[in-house]
Amino acid sequence: MHLTLHTDYALRTLLYLTHFPDRRIGTLEISTAFNISKHHLVRVVQTLADAEFVTASMGRGGGISLTIPPDQIRIGDVVRACEPNFKMVECFEVESNTCPIISVCGLKAPLADAINKFVEALNQYTLADIIRKDSQDHFVQLLNIQPVVSKTNSML
C-alpha cells in the first residue's frame with residue numbers, strides 16, 4: 001500500500017499543529033518547515049478543513065488550527081479523508097473497468113477487506129498517541145522552525 005503525498009502532507013500538517021496548539025499557523029510556516037510546495041499545502045489544508053480536522057481562515061489573524069483535540073483525531077480517519085478511493089486494482093473503478101475476468105474473479109472482496117482492516121488498524125491510534133510528550137523542543141530543532149509572519153498574516 002502506498003499513500004499519496006497529499007496524505008503524507010496532511011499527517012505532517014496535523015502533527016505540526018499539535019505541537020503549537022496555542023496559535024494559528026500560516027501555510028507558509030508549515031511549507032517552509034517541511035520544504036514542500038505552499039500551493040500543494042493549501043490544497044491539503046482544504047481537504048483537512050472539509051473533513052473538519054482543522055479550521056482555516058484568511059486575512060489578518062488568519063491561519064489554521066486544529067478543530068478538535070489531538071486525542072479525538074484518529075489516524076485512519078485522516079487517511080480515509082485524504083485517500084477516498086483506495087483503488088488498488090482496476091475493478092474498483094466501475095466506470096472505467098476493462099478487466100475481462102471481473103465476473104469470475106474473487107479478488108475485489110479480499111482487497112476491499114484489507115483496505116478496511118488497514119484503516120481500522122490506523123484508527124487504533126490518535127494524533128495524540130503519535131506525539132511524544134517530550135518532543136516539542138526536538139521537533140522545533142529538527143525542523144529549524146522560525147514562525148513565519150507574512151505582511152497580511154493570511155492563511156494563503
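**Exercise 1. Which residues is Asn123 in contact with, leaving aside its neighbours within four places in sequence, and is Asn123 buried or exposed?**

Step 1: go through the contacts, where contact means heavy atoms within 4.5 Å. Leaving aside neighbours within four places in sequence, Asn123 is in contact with Arg74, Ile75, Gly76 and Asp77.

Before going on, a word on the model: it is predicted, so local features need pLDDT of at least 70 and side-chain atom pairs count only at pLDDT 80 or more, while totals for chains, interfaces and linings use all residues. Residues are numbered from 1 along each chain as its sequence is written, and side-chain values use heavy atoms, with hydrogens and water left out.

Step 2: Asn123 sits in the loop between α5 and α6 (136-143). Helices (H or I, at least four residues) and strands (E, at least two) are DSSP runs, numbered from the N terminus.

Step 3: check the accessibility. Buried means under 20% relative accessible area, exposed over 50%, and partly exposed in between (1.4 Å probe, protein chains only). Asn123 comes in at 15%, so it counts as buried.

**Exercise 2. At what angle do helix α4 and helix α5 pack, and which residues make the contact?**

Step 1: get the geometry. Helix α4 (residues 75-82) and helix α5 (residues 108-122) pack at about 135°, and their axes are 6 Å apart. The axes are lines fitted to C-alpha atoms, for helices over the stretch in contact, and angles run from 0 to 180 degrees between N-to-C directions.

Step 2: name the arrangement. That angle makes α4 oblique to α5, given that under 35 degrees is roughly parallel, over 145 roughly antiparallel, 65 to 115 roughly perpendicular and the rest oblique.

Step 3: list who touches. From α4 come Ile75, Gly76, Val79 and Arg80, and from α5 come Ile115, Asn116, Phe118, Val119 and Leu122.

Step 4: sort by class. The α4 contact with α5 has 6 nonpolar, 2 polar and 1 charged residues. Here Ala, Val, Leu, Ile, Met, Phe, Trp, Tyr, Cys and Pro count as nonpolar, Asp, Glu, Lys and Arg as charged, and the others, Gly among them, as polar.

**Exercise 3. Which residues touch the most other members of the largest nonpolar core?**

Step 1: define the set. A nonpolar core is a set of buried Ala, Val, Leu, Ile, Met, Phe, Trp, Tyr and Cys residues joined through side-chain atoms within 4.5 Å. In soluble globular proteins, nonpolar side chains tend to be buried together.

Step 2: The core has 31 residues, and Leu14, Ile30, Leu48 and Val78 touch the most other members.

Step 3: Two or more residues each come from α1 (5-19), α2, α3 (38-50), α4 and α5. The largest share, 6 residues, is from α1.

Step 4: zoom in on Val78. Not counting residues up to four places away in sequence, Val78 touches Ala10, Leu11, Leu14, Leu48, Phe53 and Ile73.

**Exercise 4. How many bridges join strand β1 to strand β2, and which residue is the bridge partner of Ser57?**

Step 1: count the bridges. β1 (residues 54-57) and β2 (residues 63-66) run antiparallel and are joined by 4 bridges. Two strands pair if DSSP finds at least two bridges between them.

Step 2: Thr55 goes with Ser65, and Ser57 with Gly63.

Step 3: check the turn. The hairpin has 5 residues between the strands, and Gly59 takes a positive phi near 90° there.

Step 4: Thr27 and Gly63 are 36 residues apart in sequence, yet 7.0 Å apart in space, C-alpha to C-alpha.
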